[in-house]
Amino acid sequence: RLPFELTAGQREVLDVISVDLESTRPMNRMLQGEVGSGKTIVSVLAMLQMIDAGYQCALLAPTEVLAAQHARSVRDTLGTLAMAGELGADDRATAVALLTGSMTAAQKRQVREEVASGRAGIVIGTHALLQEAVEFECLGMVVVDEQHRFGVEQRDTLRAKAPEGLTPHLLVMTATPI
């Protein structure tokens, strides 16, 4: 359904990640590439694999602007597959939720309910995702954009929101060579 062809490099990376996601061991990978190289689409396709397996995914971004951009981009790319619970949604659709610090208390509460119930399969947000009040039904994968802007403890805090006994896969993305 993508409106473009994946590059050979994107397909190759996605194949490697896909094998990791099928493993019983949690993936822990860094995806490095220039701005505009397609890291985000690779991460979205990986998240869809996890959603198809019955899990939720979180995408952590360092700023509200970037989080909102990711949410808009994911919804636009997935189209009816991102419209679960809405009229015209695909039968296999999931909901894409956005959670940021500047949202009203009522908006945050609504998003937290969608996340806790599992209705939101892809949850995109800022540091707001790390708050104690945010609970996932079945978190299976964490994607961290601009990973150098987050600490190890912050990534671990988000991964710890998975059900007891489950360690989510981790994909960190960066355009900055480490």
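Biologist: Which residues is Gln-10 in contact with, leaving aside its neighbours within four places in sequence?

Modeller: Gln-10 is in contact with Glu-5, Ser-37, Gly-38, Ile-41 and Val-42, once neighbours within four places are left aside. Keep in mind that this is a predicted model.

Biologist: Where is Gln-10 found? And is Gln-10 buried or exposed?

Modeller: Gln-10 is in helix 1. Its relative accessible area is 10%. The cut-off for buried is under 20%, so Gln-10 is buried.

Biologist: How far is the C-alpha atom of Gln-10 from that of Thr-174?

Modeller: The two C-alpha atoms are separated by 15 Å. Along the chain, Gln-10 and Thr-174 are 164 residues apart.

Biologist: Next, Asp-20. Which helix does Asp-20 lie in, and does Asp-20 count as buried or exposed?

Modeller: Asp-20 lies in helix 1. Asp-20 counts as buried, at 18% relative accessibility.

Biologist: What does Asp-20 touch?

Modeller: Arg-25, Met-27, Arg-29 and His-169. That leaves out residues up to four places away in sequence.

Biologist: On to packing. At what angle do helix 2 and helix 3 pack?

Modeller: About 65 degrees, with the axes 11 Å apart. Angles of 65 to 115 degrees count as roughly perpendicular, so helix 2 and helix 3 are roughly perpendicular to each other. Their crossing is right-handed.

Biologist: Which residues make the contact?

Modeller: Helix 2 uses Thr-40, Ile-41, Val-44 and Leu-48. Helix 3 uses His-70, Val-74, Thr-77 and Leu-78.

Biologist: How many residues of that contact are nonpolar, polar or charged?

Modeller: Five are nonpolar and three are polar. None is charged.

Biologist: Now the core. How many residues does the largest nonpolar core have, and which have the most contacts inside it?

Modeller: The largest nonpolar core has 31 residues. Met-47, Leu-78, Ile-122, Ile-124, Met-141 and Leu-171 have the most contacts inside it.

Biologist: Which elements give two or more residues to this core?

Modeller: Helices 1, 2 and 3, plus strands 2, 4, 5 and 6. Helix 2 gives the most, with eight residues.

Biologist: What does Met-141 touch?

Modeller: Among others, Leu-21, Met-27, Met-47, Cys-57, His-169 and Leu-171, not counting residues up to four places away in sequence.

Biologist: What other core lies apart from the largest one?

Modeller: One of 21 residues, including Leu-60, Met-103, Leu-129 and Val-142.

Conventions: Residues are numbered from 1 along each chain as its sequence is written. This is a predicted model: local features need pLDDT of at least 70, side-chain atom pairs count only at pLDDT 80 or more; totals for chains, interfaces and linings use all residues. Side-chain values use heavy atoms; hydrogens and water are left out. Axes are lines fitted to C-alpha atoms, for helices over the stretch in contact, and angles run from 0 to 180 degrees between N-to-C directions. Helices (H or I, at least four residues) and strands (E, at least two) are DSSP runs, numbered from the N terminus. Angles under 35 degrees count as roughly parallel, over 145 as roughly antiparallel, 65 to 115 as roughly perpendicular and the rest as oblique. A crossing is left-handed if the near helix is turned anticlockwise from the far one by less than a right angle, and right-handed if clockwise. Contact means heavy atoms within 4.5 Å. Ala, Val, Leu, Ile, Met, Phe, Trp, Tyr, Cys and Pro count as nonpolar, Asp, Glu, Lys and Arg as charged, and the others, Gly among them, as polar. A nonpolar core is a set of buried Ala, Val, Leu, Ile, Met, Phe, Trp, Tyr and Cys residues joined through side-chain atoms within 4.5 Å. Buried means under 20% relative accessible area, exposed over 50%, partly exposed in between (1.4 Å probe, protein chains only).
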